[in-house]
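Open the model in a viewer with residue selection at hand. The stops below go from a surface patch to a sheet and then to a helix.

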Amino acid sequence: MMEKALSRSIRLLCVSGVAFGMHAAHAQETQSAPLQRVEVTGSRIRQVDMETAQPIQVVTQEQIQKTGLVTVGDIINNLSSVGSPDFSKGSTLTSNSESGGQYANLRNLGANRLLVLVDGKRWTQSVDGYTDLSTIPSSMIERMEVLKDGASAIYGSDAVAGVINIILKKSMEGGQLSLYEGANQHGGDNKTKDFSLSYGAGNDKASIMFGLSHTEQGVIWARDRDITSYTYGPNHISGGAGPWGRIAPLTAGGTANTPKYDKNGVLTNPGSFNQYLNHTGGFNGVGTGSPSNLQSSYHDFTGARDDTFNSSSQMQYQMPTRLDSIFTKGSIELPYGMHFASTAMFAQRNSNSQNAGYPLNSLTQSDYPVYIDKNNAYNPYPGQDLFFYRRTIELPRTTENENRTVHIDATLSGEFNVKGKTFNWDVGYNHSSVSGSMVSSGNLNLLNLKQALGPSFRNASGQVQCGTAASPIPLASCVPFDILGGPSASTPEALAYINSIGQHGYGSTTNSATANIAGEIFDLPAGAVGVAGGLEHREVRGYDTPGQFEQSGYSTDLAANATYGRYNVREAYLEARIPVLKDLPFVKSLTFDVATRYSDYSNFGNTHNSKVSVEWRPIADLLVRGNWGQGFRAPALGDTFGGGSQSFDYYLDPCDSQYGEAKSNAAVAGRCATAGAGAGFRQLDQNGKPITGAVETQGAYPFQSGAGNRNLRPETSVTDTLGFVYSPSWLPGASAALDFYRVKIDNRITGISATDVANNCYVENNPAFCSSIQRNAAGEITNLAHGNTNQGGLKTDGIDLSLAYRFPATPYGRFGLKSDTSYTHSFSVKDSAEAEWQNYTGEYFYNKFKSVTSLDWSQGNWGATWTVRYYSPTKDQCWDTEDPAECSNPTGYTQSWGTGYNKLGSVVYHDLNVNYKTSWKGQVMVGINNAFDKKPRIVYAVNGVSSSASSVDPNMALDRFFYVRYNQSF
């Protein structure tokens with residue numbers, strides 16, 4: 001065995017980043033065994049020493065189980081160097097194909113800037129370039145290597161933030177059964193189950209193994225806890241569009257003619273009104289409405305809470321998911337020293353989400369307005385067409401997402417000798433594909449709705465029928481809908497008639513052929529020069545196709561165009577490892593590694609990226625390592641070929657006279673006035689009421705987002721790292737690693753937000769953005785386009801620190817301490833070449849410090865791990881800068897959202913795992929995550945979720961989570 005020779009290196013490698021208290025390998029002496037060379041993530045050259053210039057974090061299968069987590073996404077997102085995920089499990093309003101998946105956001109640089117490999121091969125990506133980690137069964141993993149450094153020179157596109165290489169089990173003798181179940185303490189929700197069965201057999205000539213797994217994560221409903229029950233938390237119980245009818249007459253332009261007053265309070269538009277149906281019940285939508293066809297059944301709408309609806313009461317806080325997978329892997333030795341290996345896996349993920357019924361109004365689709373006809377039987381103002389508002393809570397919006405992943409690879413490898421030097425070679429084929437279908441319900445068929453709200457009459461049977469007495473529409477062809485009467489007046493037949501069942505298909509495929517060769521070509525005084533080179537041809541294609549009806553714009557489902565795209569890439573790389581000095585004063589060893597990669601893309605051209613690394617040991621106990629590397633991210637299929645879609649964006653209009661930048665910035669106020677949003681302008685919410693806080697609020701008009709840009713160029717990056725790894729011989733079991741990093745990304749590919757567009761226009765005074773904004777006569781933004789572009793840049797720098805100590809054995813057991821801390825010095829974004837850098841460090845999502853510290857204990861068959869996860873204080877958006885209770889620094893320096901912030905304190909979670917190994921090859925684990933029942937905080941700088949109770953913890957801890965696992969070998 002080679003373990004004694006490598007034990008020190010492995011220990012140091014683990015110190016440079018293991019998050020959950022990895023134990024150093026136990027040394028075993030076998031003096032006659034030759035040292036084996038292995039390939040470490042970040043290099044193609046096999047090496048004896050696993051300790052390299054690359055800062056790598058390792059998580060083993062044992063550590064995975066001790067976390068009490070069952071999905072790869074949850075496990076990776078708990079590392080100190082990983083930021084908040086791009087798509088949270090609570091992002092139930094996310095309507096794209098990523099919904100229900102899990103994604104890693106290394107250093108907050110974006111999940112699409114992280115390359116995910118499985119056994120060194122690219123894993124599946126969506127058309128927008130995201131890799132769903134939840135499709136990889138955690139039970140099949142041997143270890144995960146997280147390279148926290150750019151690696152485009154070695155692996156090509158996407159390896160900007162780093163690389164996650166998931167190493168699957170290669171072989172096994174016998175079987176392994178694992179059973180897991182867990183749930184939250186309060187209410188028993190978030191029920192989680194995990195079952196896996198694997199079996200393998202073979203010898204030194206051939207082996208085969210297979211595995212089955214089933215994982216479930218249960219739903220959490222926002223309504224089940226006070227802290228999650230309201231959109232903006234229990235201190236701001238406000239609602240959106242209500243479930244009973246609200247009406248106004250039409251203007252000549254087809255908008256709502258609600259009352260307007262001059263500065264003296266005099267009504268300026270006689271004949272206007274803004275009325276809401278009388279009803280029992282209130283904020284929860286439970287009650288009975290008055291007869292909708294009587295004018296006496298209405299009162300003036302003032303935005304009273306009982307006339308609105310708490311949309312969170314119908315929404316999930318966490319969507320449920322289920323993953324089923326089957327996995328097989330085999331290898332066989334062939335003549336002439338060749339080796340053939342193949343892996344095949346199929347995984348199916350099912351998830352579903354539910355959001356509140358649709359907040360409908362007559363101009364939901366401005367190109368196809370729907371009004372209550374003047375001759376409608378339920379119209380309380382006969383002879384007058386009416387503009388209406390109404391949330392259809394009887395039809396909650398649901399989406400079922402079925403995602404299927406297929407991975408097949410085959411590799412033929414071998415070795416040969418030239419002049420006493422051994423070379424390794426391999427040729428391989430890799431197929432990874434993802435396909436899926438989404439089925440939705442709860443959106444409205446506007447064609448049918450228009451008929452249902454059109455002319456109608458009471459027929460001879462006293463039944464309301466579409467059409468007129470002179471020209472009736474058959475009952476089988478149209479069902480009248482008493483939309484103003486609210487839920488109590490709705491009938492199953494009418495709801496079925498206006499309900500729209502949406503369909504959506506998506507998929508992407510990556511096929512690649514590779515050829516690699518590596519070996520040592522000649523000797524220098526300090527050692528042998530190693531080289532590696534290879535070729536790759538990769539084809540990427542994908543599609544994202546909403547149903548024809550959804551594309552038409554005749555549904556309240558956001559209209560979207562189809563996406564189809566493909567490209568090919570041919571690549572070649574070369575790497576050399578050059579030992580320069582050895583066994584000199586203050587130079588125990590000095591080695592350089594240089595690599596370069598050429599990539600030729602069919603859709604934009606070619607790019608060339610290089611990297612230089614250095615490993616210097618001044619003494620045996622200390623390694624100094626450094627890296628400089630170029631990186632790039634090619635535009636994803638959706639970036640280039642995306643069809644675009646409508647979206648009801650959350651945004652804060654800088655022209656709002658109370659909460660926008662115009663309030664305190666005369667230059668901004670002047671630009672807003674020129675655009676038609678002058679003095680006294682107020683941004684309106686979905687109820688048509690002025691916003692009540694300085695937070696991004698969902699608008700009443702759909703904007704245009706996500707359109708592809710065929711002129712996009714790749715993002716480019718430069719990454720620098722400098723690190724020190726110290727393992728003192730005078731203190732066995734102790735080790736430390738300190739790594740400085742700096743990443744700068746130019747030519748950033750971004751789909752900018754609606755708020756960014758508005759701020760760039762009015763605050764930054766960039767005319768290029770102003771052309772994307774349309775306002776009506778009242779100054780409201782009625783359309784805003786934001787798509788994909790190469791724009792500005794992104795940069796971040798910071799420090800990773802890892803400390804570990806394996807205490808000497810004591811009569812009370814063996815103890816081990818491990819701590820990993822990430823410090824972000826700055827994280828800045830530049831929206832355009834002319835714009836100033838905006839530093840997000842310390843704002844919500846962008847913690848300055850994140851730390852994971854674990855204490856391990858073992859004695860005999862018993863073991864335990866106590867883990868402490870720390871998140872530093874952050875700045876949050878103020879609800880109201882004039883409210884000292886929720887704005888600790890109302891006049892602080894300008895944040896990304898404007899002036900002022902509220903400081904949120906640090907968060908600490910404690911996790912406990914206890915395990916026992918039985919005499920019959922079994923193991924029992926029990927644990928508590930969030931042992932001290934830490935509650936989430938209310939945060940306003942988020943949107944797209946059901947509640948502002950959005951924890952900094954990516955696993956969305958609400959209360960204690962208890963779990964038990966049983967493993968059985970046979």
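Start with β24, which gives the most to the nonpolar patch, with 3 residues. Strands such as this one (E, at least two residues) and helices (H or I, at least four) are DSSP runs, numbered from the N terminus. The model is predicted: local features need pLDDT of at least 70, side-chain atom pairs count only at pLDDT 80 or more, and totals for chains, interfaces and linings use all residues. Residues are numbered from 1 along each chain as its sequence is written, and side-chain values use heavy atoms, leaving out hydrogens and water.

Next, select Val580, Leu581, Leu584, Phe592, Val594, Val612, Trp628 and Val718: together they form the nonpolar surface patch, with about 570 Å² of accessible area (Shrake-Rupley method, 1.4 Å probe, only the protein chains shown counting as cover for residues). At least two patch residues come from each of β24 (563–584) and β25 (587–601).

Zoom to Trp628, in strand β27 (residues 622–633). Trp628 is partly exposed, at 37% relative accessible area (between 20%, under which is buried, and 50%, over which is exposed).

Move to the open sheet of 4 strands, ordered β28-β31-β36-β35 with mixed pairing (pairing needs at least two DSSP bridges). β28 (643–647) and β35 (773–775) are the edges; each has a single partner strand, so one side of each lacks a neighbour in the sheet. β28 runs antiparallel to β31 (residues 703–707), joined by 4 bridges. Select Ser645 to find Ser705 of β31 opposite.

Finish at Gly676, which follows α9 and has a positive phi, near 105°.

Definitions and conventions
Patches are made of residues with over 30% relative accessible area and no salt bridge: like charges are joined within 9 Å, nonpolar side chains (Val, Leu, Ile, Met, Phe, Trp, Tyr) within 5 Å. A salt bridge is a side-chain nitrogen of Lys or Arg within 4 Å of a carboxyl oxygen of Asp or Glu. Buried means under 20% relative accessible area, exposed over 50%, partly exposed in between (1.4 Å probe, protein chains only).
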